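Colleague: I would like to learn how to read helix packing, a sheet and a core from a model. Please take them one by one.

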Amino acid sequence: MARAMHGSLVDAIGIRIVDGDLPPGTVLTLAALEAEYAVSRTVVREAVRSLEAMGLLSQRRRVGLTVREPEHWSALDTRLIGWQLAGRRRDQLIVNTTELRAAVEPVAARLSARRATDIQRGEILRLADELARLGAAGLGNSPEYLAADIAFHDLILISSGNLMLAAARAPIAAAIEGRAMHGLTPGVPNPDALDNHVATAEAIGRADADAAEEHTRLYVAAVLTEVRRTI
């Protein structure tokens, strides 16, 4: 029960911060939070520690708890991403994450073409074929397409052999899922994006690093253009 209350309180305060209801500079106190949410001081302290770890709050003696500016937030934290996707910062979050993809995925694809195992190359090709099949059937907004899309991007990042690039999997997957859950993924995928997904997989399959990077750059650019147009 205490753990559930702690999680609920973290969500409640976190959502208010990311939505701007508690803007940067707002000063809070443990006593006020305890009274407002009708929970114990222990639960409040645990929630505050979680929010401090995420960079949303800072605590100083004689000042209390202060809401921090967005540049201090743990931007890649999937819980934080979830709050933003559910709130008023959703559109900006989707754009920001797609821009992250534009910076990360082409490099990951180049490395994947060099380092992926034969099993990984085969699975990337299979997932690309699945995306093409579902897209051609107008199922780009289906759960099956979403699962294949996330798996495709996850595997390219993993097969890059770079742990730093692989660490981007969770936020990228969260943003792809959030875009789909909010009805922003079309049933018929952007043809340029889908064709270049397939071309990327084929390039990785034949260990062509230049082509893998270029086709990835093209599909992310197509997605980014689409995102900016639809939000």
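Modeller: A crossing is left-handed if the near helix is turned anticlockwise from the far one by less than a right angle, and right-handed if clockwise. Helices (H or I, at least four residues) and strands (E, at least two) are DSSP runs, numbered from the N terminus. This is a predicted model, in which local features need pLDDT of at least 70 and side-chain atom pairs count only at pLDDT 80 or more, while totals for chains, interfaces and linings use all residues. Residues are numbered from 1 along each chain as its sequence is written, and side-chain values use heavy atoms, with hydrogens and water left out.

Colleague: Which hand does the crossing of α5 and α11 have, and at what angle do their axes cross?

Modeller: Two packed helices are described by the angle between their axes and the distance between the axes. Axes are lines fitted to C-alpha atoms, for helices over the stretch in contact, with angles from 0 to 180 degrees between N-to-C directions. Here the axes of α5 and α11 cross at roughly 165° and come within 7 Å. That makes the two helices, α5 and α11, roughly antiparallel (an angle over 145 degrees). The crossing is right-handed. Contact means heavy atoms within 4.5 Å; the residues that meet include I94, T98 and A109 in α5, and A212, Y219 and V223 in α11.

Colleague: What is the strand order in the sheet?

Modeller: Two strands pair if DSSP finds at least two bridges between them. The open sheet has three strands in the order β1-β3-β2, with antiparallel pairing. β1 and β2 are at the edges with a single partner strand each, so one side of each has no neighbour in the sheet. Helix α3 (residues 41-53) packs on the sheet, where α3 touches β2 and β3, and its direction makes about 115° with that of β2. β1 and β3 pair over two bridges, with V27 opposite T66. Four bridges join β2 to β3, and R60 has G64 as its bridge partner. β2 and β3 form a hairpin with three residues between them, and R62 in the turn has a positive phi of about 70°.

Colleague: Which residues touch the most other members of the largest nonpolar core?

Modeller: A nonpolar core is a set of buried (under 20% relative accessible area, 1.4 Å probe, protein chains only) Ala, Val, Leu, Ile, Met, Phe, Trp, Tyr and Cys residues joined through side-chain atoms within 4.5 Å. The largest has 44 residues, and I124, L131, F152, I156, I204, A212 and Y219 touch the most other members. Elements giving two or more residues to this core include α5 and α11. Another core, of 23 residues, lies apart from it and includes L9 and L57.

Technical notes:
Buried means under 20% relative accessible area, exposed over 50%, partly exposed in between (1.4 Å probe, protein chains only). Angles under 35 degrees count as roughly parallel, over 145 as roughly antiparallel, 65 to 115 as roughly perpendicular and the rest as oblique.
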